[in-house]
Amino acid sequence: MGEELYSIGKVGEICQITTKALRYYDKMGILSPDKVANESGYRYYSKKNLLAVPMIKYYKQSGFKLEEMREFLKGTTYDFFDKRFRKKIDELDELEKEINLKKRSVKDWHDLIVEAQMVIENNACDVAVKYIDSRTLTFLNQSFKYDYMDSIINIEFNNYIDDMNNAVTGPVIICFPSFKNKINGKCNNIRIMQQTILKCKEEVSVEFGGWMAVACYHIGAHETINETYMKMQEWAKNHNYICCEESYERYVTDYWTTKNTDKFVTEILIKIKRKI
């Protein structure tokens, strides 16, 4: 009595796999039927042949392509397995880095969107004093012509990051050497800063934070931001604080996220110290 054979439909039922997949495996030379009926063309598989399906599923789960499985299923040497598996581990390591980079970028951007939503919904535009956590950013000194869109979506800075084989995340931060000059339209130079995902060389890195600041969110177009600066100056004066010259604009949401300038959210930070 011959070995029991299973129809392609029965194989699909037993192994929880589609008949379409089984036909494709046959086409690719991965798993062929033991018998094909001459008249009907029906495919039949032995139990021994069925046992290849769990192996195929495992190889697929491990990230191997069908072409790569072919030699494994035929039976090969340990040395062959070792080389192919080591290569696959290296490939998956690179893929993991790429996925982690993408995940970090999306998460950080999402955090900014949530922050902006909270600021707008609560009209959180009160001036306050806060401690700014220290972090390392990369930077590029540039000229400034009061074209905010050009400064924030910054082609030169983008190319600069590409050239160092890095990637940026989080908000763009611009340092103005003198916020008074900035308000008066006399600011010619700025420092654009952003956090990188990979560590930067010391010469292209700058420490940001580690100090107290008077802080305030500005909701709306950047062209009206001077009103918030004035409010912050007045608040600092009334609360016995001295504002330092430098100011920082942290662009929570801007042209990167929305075309509606009324929904822009910018956090202004100015270093302060107490009057003696």
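Predicted model: local features only at pLDDT ≥ 70, side-chain atom pairs only at ≥ 80, totals over all residues.
**View 1. Helix α5 and its buried face.** Helix α5 covers residues 66-74; helices here are DSSP runs (H or I, at least four residues), strands likewise (E, at least two), numbered from the N terminus. Leu-66, Met-69 and Phe-72 are the ones to look for, as they are buried (under 20% relative accessible area; exposed is over 50%, partly exposed in between; 1.4 Å probe, protein chains only). Looking down the α5 axis, the buried residues fall within an arc of 105°, so they line one face of the helix; the arc is that of the directions from the helix axis to the C-beta atoms. Just past α5 sits Gly-75, with a positive phi of about 100°.

**View 2. Arg-104 on helix α6.** Arg-104 belongs to α6 (residues 78-121) and counts as partly exposed because its relative accessibility is 30%. Its side chain makes a polar contact with that of Asp-108 at 2.8 Å (a pair of N or O atoms within 3.5 Å; within protein, one must be able to donate a hydrogen and the other to accept it, and residues adjacent in sequence count only if both atoms are side-chain atoms). Leaving aside neighbours within four places in sequence, Arg-104 is in contact with Thr-169, Gln-195 and Ile-197 (heavy atoms within 4.5 Å).

**View 3. Strand β10 and its partners.** Strand β10 (residues 241-253) runs antiparallel to β6 (residues 168-176), joined by five bridges; two strands pair if DSSP finds at least two bridges between them. Ile-174 has Glu-249 as its bridge partner in β10. Nine bridges join β10 to β11 (residues 265-274), also antiparallel, and Tyr-251 stands opposite Thr-266 in β11.

**View 4. Two nonpolar cores.** The largest core has 28 residues, and Ile-174, Tyr-251 and Ile-270 are among those with the most contacts inside it (a core is a set of buried Ala, Val, Leu, Ile, Met, Phe, Trp, Tyr and Cys residues joined through side-chain atoms within 4.5 Å). Apart from it lies another core of 22 residues, including Val-11, Ala-21, Leu-22 and Phe-72.

Terms used: Residues numbered from 1 in each chain as written. Heavy atoms only, no water.
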